[in-house]
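Subject: Structure handover

Hi,

Here is the structure I promised to pass on.

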Amino acid sequence: MLQTLKESWYRSAGQIRELLAVPAEYPGTTVTTRRLLNLYVARVEKLLTRSRLHSRPIKLTAEATNVCNLRCPACFTGAGEVGRPRSHLSLDLYRRLLDELGVYLWEVEFYSWGEPLLAKNIFAMIEATAARGIHTTVSTNFSFPFRAEQAERLVASGLSLLGVSIDGARQETYEQYRRRGDLETVLRNCRLVRDAKRRRDSSHPRMVWEFHVFPHNTDDVEPARAMARELEMDLAVEKGWVVGPEWDTEQRYRFFADPWPEMRCLFLWSQAVVNSDGGVSPCCGTFYREDDVGRLGAGEGDGGARTFAEIWNNRRFRLARGLFRSRVETAETRDMICLECPATKIWERYKAHRAAGGARQSFSVGDSTNDCFNFFWNHRPARAAAEGAGGAGGASPPRAGREVARADFR
């Protein structure tokens with residue numbers, strides 16, 4: 001009995017420490033009382049599985065553009081799918097969003113289904129965000145013309161982290177996934193940023209060479225390590241996701257994150273995703289506008305919401321969160337992508353396992369990170385299915401910065 005009480009106390013003490021911990025993954029963010037209080041409220045509301053929230057997101061994915069220059073085969077954009085019209089995020093809309101959420105945010109990432117450094121307003125958006133003491137992240141393929149003066153402005157903008165997706169140390173391996181990409185152009189652009197940092201004696205942005213490992217490029221890992229060192233970049237090596245079964249069954253390489261038993265959707269409680277057209281997605285895995293939970297309006301009379309708060313607690317968001325209390329199919333939830341999402345189903349199974357007296361250690365998650373990717377890849381709303389599914393292929397998903405995306409399914 002005494003041993004059981006001790007274990008319960010230690011477990012509770014650990015949960016309290018975790019609840020009150022200040023995030024270390026957002027270097028450069030100015031820690032304020034308001035940000036801390038919102039963070040703690042968000043954690044408690046997630047723990048309680050509340051559907052109507054008092055907290056606001058602590059992280060924002062603001063899709064600077066959904067336009068991309070490459071044709072990566074396991075990317076919806078690269079495969080030619082049309083989730084929503086090609087566009088750039090309005091600077092006015094973004095500034096409104098920042099005015100509303102900036103006091104709560106710890107990070108803004110400017111990439112999702114497009115190439116952020118091709119966005120018309122990318123520098124202005126980074127500068128406005130960094131000026132508010134918020135950690136900023138860009139993940140790029142960097143395979144396009146980029147000038148020295150642009151590198152200077154990127155460094156001066158206050159960008160915290162620049163991830164560059166380079167899946168190979170040779171053109172013949174690199175281009176197998178980054179189709180239309182030119183490795184020498186990418187490396188040249190990385191040198192431009194490195195040199196701009198040296199001239200300005202700046203430690204930012206931190207540069208990360210994001211290497212997704214597949215059967216065709218395993219021999220390039222060590223050469224890439226040496227190349228990254230010369231470019232003053234950190235090397236992040238992670239197993240690439242593939243369409244279909246995982247290729248590395250021996251688990252020699254690890255994904256950036258794996259599903260875990262207590263997983264409840266990070267996005268529904270603490271991370272917002274705003275697409276280039278103002279559509280608000282339930283998470284970063286969704287591509288099609290049919291799966292949006294709301295839309296921010298560009299102006300009066302266009303039918304969109306004027307504030308993010310109107311969407312954050314609207315009917316669809318509350319229904320999605322409610323699925324983690326009871327995953328029930330109704331007329332309203334039937335067409336919601338969250339109903340069949342692996343995160344929702346794993347949580348349902350885990351609750352049943354614990355209710356039956358099962359221990360955490362004995363629970364089998366079942367779905368792998370690759371399974372989670374395939375769920376989203378195989379999802380097509382009626383419109384997209386009628387137009388014909390996009391291409392297939394074996395490669396990592398399009399969000400280039402998997403190293404900086406940090407546990408998307410947690």
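In the largest nonpolar core there are 105 residues, and Phe-110, Ile-122 and Phe-142 touch the most other members. A nonpolar core here is a set of buried Ala, Val, Leu, Ile, Met, Phe, Trp, Tyr and Cys residues joined through side-chain atoms within 4.5 Å; buried means under 20% relative accessible area, exposed over 50%, and partly exposed in between (1.4 Å probe, protein chains only). Helix α7 gives the most to this core, with 7 residues. (Helices, H or I with at least four residues, and strands, E with at least two, are DSSP runs numbered from the N terminus.) Apart from this core lies another, of 5 residues, including Leu-36, Leu-39, Ile-58 and Trp-106.

Please keep in mind that this is a predicted model: local features need pLDDT of at least 70 and side-chain atom pairs count only at pLDDT 80 or more, while totals for chains, interfaces and linings use all residues. Residues are numbered from 1 along each chain as its sequence is written, and side-chain values use heavy atoms, with hydrogens and water left out.

What does Phe-110 touch? Not counting residues up to four places away in sequence, the list includes Ala-62, Tyr-94, Pro-116, Ile-122, Met-125 and Val-138. Contact means heavy atoms within 4.5 Å.

Now to the charged pairs. Side chains of opposite charge can pair when their charged atoms come close. I counted a salt bridge when a side-chain nitrogen of Lys or Arg is within 4 Å of a carboxyl oxygen of Asp or Glu. How many salt bridges does a search of the whole structure find? The total is 33.

One of them joins the side chains of Glu-109 and Lys-59, at 3.4 Å from N to O. Glu-109 lies in strand β2 (residues 107–109) and Lys-59 in strand β1 (residues 59–62), so this pair ties together parts that are 50 residues apart in sequence. Glu-109 counts as buried because its relative accessibility is 0%, and Lys-59 is buried too, with a relative accessible area of 3%.

Arg-178 and Asp-167 form another salt bridge, with their closest N and O atoms 2.7 Å apart. This pair links distant parts of the chain, 11 residues apart: Arg-178 is in the loop between α6 (171–174) and α7 (183–200), and Asp-167 in the loop between β4 (161–165) and α6. Both Arg-178 and Asp-167 are buried.

Arg-349 and Asp-367 also form a salt bridge, their closest N and O atoms being 3.6 Å apart. Arg-349 sits in helix α12 (residues 342–355) and Asp-367 in the loop between α12 and α13 (369–378), so the pair ties together parts 18 residues apart in sequence. Are these two buried or partly exposed? Arg-349 is partly exposed, with a relative accessible area of 33%, and Asp-367 counts as partly exposed at 24%. Elsewhere, salt bridges that share partners join Arg-194, Asp-195, Arg-198, Glu-230 and Glu-232 into one network.

Helix α13 itself is mostly covered, with 8 of its 10 residues buried. Among the buried ones are Cys-372, Phe-373, Phe-375, Phe-376 and Trp-377, and what covers them includes α12. Ser-368 caps the N-terminal end of α13, with a side-chain oxygen 3.3 Å from the backbone nitrogen of Asn-370.

Ser-55 is in the loop between α2 (33–47) and β1 and is buried, with a relative accessible area of 1%. Its side chain makes a polar contact with the side chain of Glu-45 at 2.6 Å. (A polar contact is a pair of N or O atoms within 3.5 Å; within protein, one must be able to donate a hydrogen and the other to accept it, and residues adjacent in sequence count only if both atoms are side-chain atoms.) Leaving aside neighbours within four places in sequence, Ser-55 is in contact with residues including Asn-38, Val-41, Trp-269 and Trp-312.

Finally, Arg-295 is in strand β9 (residues 294–295) and counts as partly exposed at 33% relative accessibility. The C-alpha atoms of Arg-295 and Glu-310 are separated by 9.7 Å, and the two residues are 15 apart along the chain.

Best wishes
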